[in-house]
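Good morning, and thank you for coming. I would like to take you through the surroundings of a ligand and a few annotated positions. Please look at the sequence and the structure first.

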Amino acid sequence: MSPTDLRARDRAVVWHPATHFGDLEQNPPVPIASASGVWLKTPDGREILDAIGSWWTSIHGHGHPRIVAAVREQVGRLDHVMFAGFTHEPAVALAEALIAAAPRDDVREPSYAKVFYSDCGSASIEVALKLSYQRRVLCGQTDGRSGKRRFAALRNSYHGETLGALAVCGSPAWREPFGSLLHDALYLPAPSQADHAHADLASEHPEHRPELGADSPEADAAVAALEAHADELSALIVEPIIQCAGRMVMPGAGFYRRLAETCRACDIHLIADEIAVGFGRTGKLIASEWSGVVPDLMCLSKGLSGGVLPLAATLIRNGFEAPFHGSPSNTFAHSHTFTGNPVTCAAGLASLAVFAEERTLEGLPARIAHMERLRLQLTQRHAAVIESRQAGMVAALVVDRERGPADGRLGLALRRAAMDRGVLLRPLHDTIYWMPALNVGEAELERIAAVTSEVIDEVLGR
Ligand SMILES: *Cc1c(COP(=O)(O)O)cnc(C)c1O
């Protein structure tokens, strides 16, 4: 089967996400036959360096032998069984491991008590929103019309695309096409920290600023809004440290800590959306750790299975489940058919094992510093780069959109120029970012930076 045949067949029957039909002629989907490490391979043998971890999923690289073996072994033993009325070793062991690894208030005991599985990030957000809301109902804090029944979210945030999750996305552009279907959330300002450097996070760095964002005007306004609306708010949902889909904006660890404290004081549940930032992306296993925050509900997905299979989990703080006991009518009214699939859970366990065996987190500071050097070189070299920022293994370069193509499709032009050079970048409009697998090699990182530099010259001029 030639790649052209596959493209024609694809075009006949497949509808791709985030893709306009009109773009398919010039930018048809690239057939991929296999993948290993940070490399994707086309059927005709061309190699593409995956600089964004295939939409922020890939943690230990594609086809990691440890994870592949675990998946093979598990699928042969138990492929699937319904999770209402049944259980199995991989789901229980992964829940134990996640609870053990999650942030804690007190090192001596875990802060989370339960794990609710689902199969994509958006579903884990729905679970968190519904848990928060149903708990308010069970506690007599809302009758559905008044009381604590609304959700707050940050402007520019992204939490997924199912209707409940979409309603807490903080950008009107995402919500607008489905506006009349969405619940009425409250949107709070967040600082952008345009020049946020990794230095703000790393405690060994001379410019360590753990309080970044805490005393910003946006923090004051967000806190004031939470206090003013406390009577009607069930929960606040936050992406800790990085608003990834919102062009990799980094509002600051101190900003998040201050929101968390306000939520605690005002009886507003705190939901951390760690779907993109979890599993080492920011340099710690869980991004909330940078702020010393232990959220009430924590959503995990993308990197949870190592990025290999669709799996999501909502972690639930100790004691949160109490009102769901008692009468059978207190049951949490939610289910997904593939809840806790054993093969996906086996991948999750194997990914955590790789973290331990390869000391992935211990190796990150050196890689992060390398990425920082490359990022700063590009920032200095190119007049077209007007801002750059980094948190852990996520680096962003903001380019001057005035220099972009006349049709305004800057992100697409950059993406295409990178693909011509065998590197997968997918800029968010004017923001080029790197988010490779955590074990990306030095030479591979340098290749990503070199191609980014060429692409900036080609699309935006010297
Ligand atoms: C990707 C993402 C989601 C949605 O996850 P899906 O698996 O695509 O439904 C939610 N929140 C954040 C922060 C994400 O990056």
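Let us begin with Trp55, which is in contact (heavy atoms within 4.5 Å) with Pro17, Ala18, Lys302 and Arg426, leaving aside its neighbours within four places in sequence. Before I continue, please note that this is a predicted model, in which local features need pLDDT of at least 70 and side-chain atom pairs count only at pLDDT 80 or more, while totals for chains, interfaces and linings use all residues. Residues are numbered from 1 along each chain as its sequence is written, and side-chain values use heavy atoms, with hydrogens and water left out.

Trp55 is found in helix H2, residues 53-56; helices here are DSSP runs of type H or I with at least four residues, strands are E runs of at least two, and both are numbered from the N terminus.

I turn now to the ligand. The residues that surround the ligand (a heavy atom within 4 Å) include Trp56, Ser122, Tyr158, His159, Asp273 and Lys302. An N or O atom in the side chain of Lys302 is 2.6 Å from an oxygen atom of the ligand. For Ser122, too, a side-chain N or O atom is 2.6 Å from a ligand oxygen atom. Gly121 takes part through its backbone, with an N or O atom 2.8 Å from an oxygen atom of the ligand.

Finally, consider His159, in the loop between strand E5 (150-154) and helix H6 (163-167). His159 counts as buried because its relative accessibility is 1%. Which residues does His159 touch? Beyond four places in sequence, they include Ser122, Ile125, Glu239 and Asp273. The side chains of His159 and Asp273 are joined by a polar contact of 2.8 Å, that is, a donor and an acceptor among N or O atoms within 3.5 Å.

Definitions and conventions: Buried < 20%, exposed > 50% of the residue type's maximum accessible area, 1.4 Å probe, protein only.
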